[in-house]
Amino acid sequence: MTSAMNVLRRLQARVPTTGLGREFYTDDAIFGLDLELIFYREWLFAGHTVELPRTGSYLTLQIGAYPVLLVRAADGVIRAFVNTCRHRGARVCPEARGTAVKLVCPYHQWTYELDGRLFAARQMGQGFDRTQFGLRRLHCETVGGYIFVCLAAEAPDFAPTRQQLEPYLAPHRLTEARVAFESTIIEEGNWKLVWENNRECYHCAINHPELARVYPDTPAITSASGGAADDPKIMEHWRRCEAAGLPGRLQLSADGQMRAARMPLVGSASSYTSSGEPAVRRPLSDAIAREANIGALLVFHYPTTWNHVLADHAITFRVLPLSPTRTQLTTKWLVHRDAVEGVDYDVEDLTRVWLATNEQDRRIVHENQIGMNSPTYEPGPLSHSHESGVGQFVDWYCSRLQARLGTATRELTHVA
């Protein structure tokens, strides 16, 4: 029996309202399936359009085995490529970011246009056809200042993602922001543990003292269901936001992959600072600045990003798996492009709450992984009131993997 068939049987035998078995957080083969069947097939958050401000601006990242290059071409369009030279495979752009007139491989100087076409290749002889050796393109889409890429040969339809996210993101005008600070940490745990920890605040009051001052641990906030509609404070918050022309009500996509909701913070807090006061004097959008406290726009899109977008700044998170027990988390703080550091905001004040929270979560996930590594570990029941978000994420993961494993095993059976 193939490894895929074994995993499919384990998924089918899973007890509802519990977590996954330890092998889903420790096993090399299952990690490989996570990459092949999820990360190499879904739309993935890669970065922000404002990080590529001019012609020739580029960013690079690594997604599993794929080195990825994002570049803004002369026509203003952001494109994505496999960051691998078509000659001998070296990375064309080894640096994390930069600006280039043309993309030149440092190994043998094969040179590419910003739209990926091969411009020059030295001494390749007669009959060499440059048109056949452009950089390999990846699917690339943008919405509300976010860049998404897909590594699959055929990408899922991006229209539902655009349709759901654009109305929520557009008022914040993140296409006119800039990244004020960026942090990347390695969490010593499986990528699903990172997500599960994010999808509940059962642990917040004790483990996140800085965040708890401004972010409520009310289960309805992290819930992915319609439970928030039973909370009068949240309902009133939605009415206030919608009266101001801001979409607020919770929307969960039909397949459970993405959610957007505008949620209140604690008391009169309007931002993630020690005082609850705005971290940035200049708001992201003048239109939003005229409105009363709008709380935080909470957005997630599995498997790579969750976000907190406020009136004064935005915080975005990108999750990328490195191994069965290691995950990269990149956090970026965005402010209005004309906000001046030291005048309109203080970096330490802007980042204090979430830098502390990320570090606390890093320790939590590591301890969680150590416990999961034990051969005696068995998943316990999830809290119905506090961990419905965890259950929703696990259900999404299982449904995705199960559907694609089912297809794969049917193909294997047919070939046999």
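**Close-up 1. Phenylalanine 133 and its stacked partner.** Phenylalanine 133 has a relative accessible area of 27%, so this residue is partly exposed. The model shown here and in every other view is predicted. Phenylalanine 133 forms an aromatic pair with phenylalanine 128. The ring centres lie 5.2 Å apart. An angle of 15° separates the planes, and the pair is stacked. Phenylalanine 128 is partly exposed too, at 23% relative accessibility. The structure holds 25 aromatic pairs, and this is one of them.

Close-up 2. Tryptophan 195 and phenylalanine 393 form a stacked aromatic pair. Centre to centre, the rings are 6.0 Å apart. Tryptophan 195 belongs to helix α5, residues 191-198. Phenylalanine 393 belongs to helix α12, residues 388-415.

**Close-up 3. Lysine 102 over an aromatic ring.** Lysine 102 lies over the face of phenylalanine 119. The distance to the ring centre is 4.7 Å.

**Close-up 4. Lysine 192 over a tyrosine ring.** Which ring lies under the charged end of lysine 192? The ring belongs to tyrosine 25. The charged end sits 5.7 Å from the centre of that ring.

**Close-up 5. An open sheet of 3 strands.** The strand order is β6-β7-β8, and the pairing is antiparallel. Strands of a sheet pair through backbone hydrogen bonds, either parallel or antiparallel. Which strands form the edges of this sheet? The edge strands are β6, at 103-104, and β8, at 118-120. Each edge strand pairs on one side only.

**Close-up 6. Where β6 meets β7.** Strand β7 covers residues 111-112. β6 pairs with β7 in the antiparallel sense, over 2 bridges. Leucine 103 stands opposite tyrosine 112, a residue of β7.

Close-up 7. Serine 183 is found in strand β11, which spans residues 177-187. Why does serine 183 count as buried? Its relative accessibility is 13%, and buried means under 20%. Which residues does serine 183 touch, not counting those up to four places away in sequence? The contacts are Leu329, Thr330, Thr331, Trp333 and Leu355.

Notes:
Residues numbered from 1 in each chain as written. Predicted model: local features only at pLDDT ≥ 70, side-chain atom pairs only at ≥ 80, totals over all residues. Heavy atoms only, no water. Phe/Tyr/Trp six-rings, centres within 6.5 Å; stacked < 30°, edge-to-face > 60°. Buried < 20%, exposed > 50% of the residue type's maximum accessible area, 1.4 Å probe, protein only. Helix = DSSP H or I, 4+ residues; strand = E, 2+ residues; numbered from the N terminus. Lys NZ or Arg CZ within 6 Å of the ring centre and 35° of its normal. Pairing = 2+ DSSP bridges. Contact = heavy atoms within 4.5 Å.
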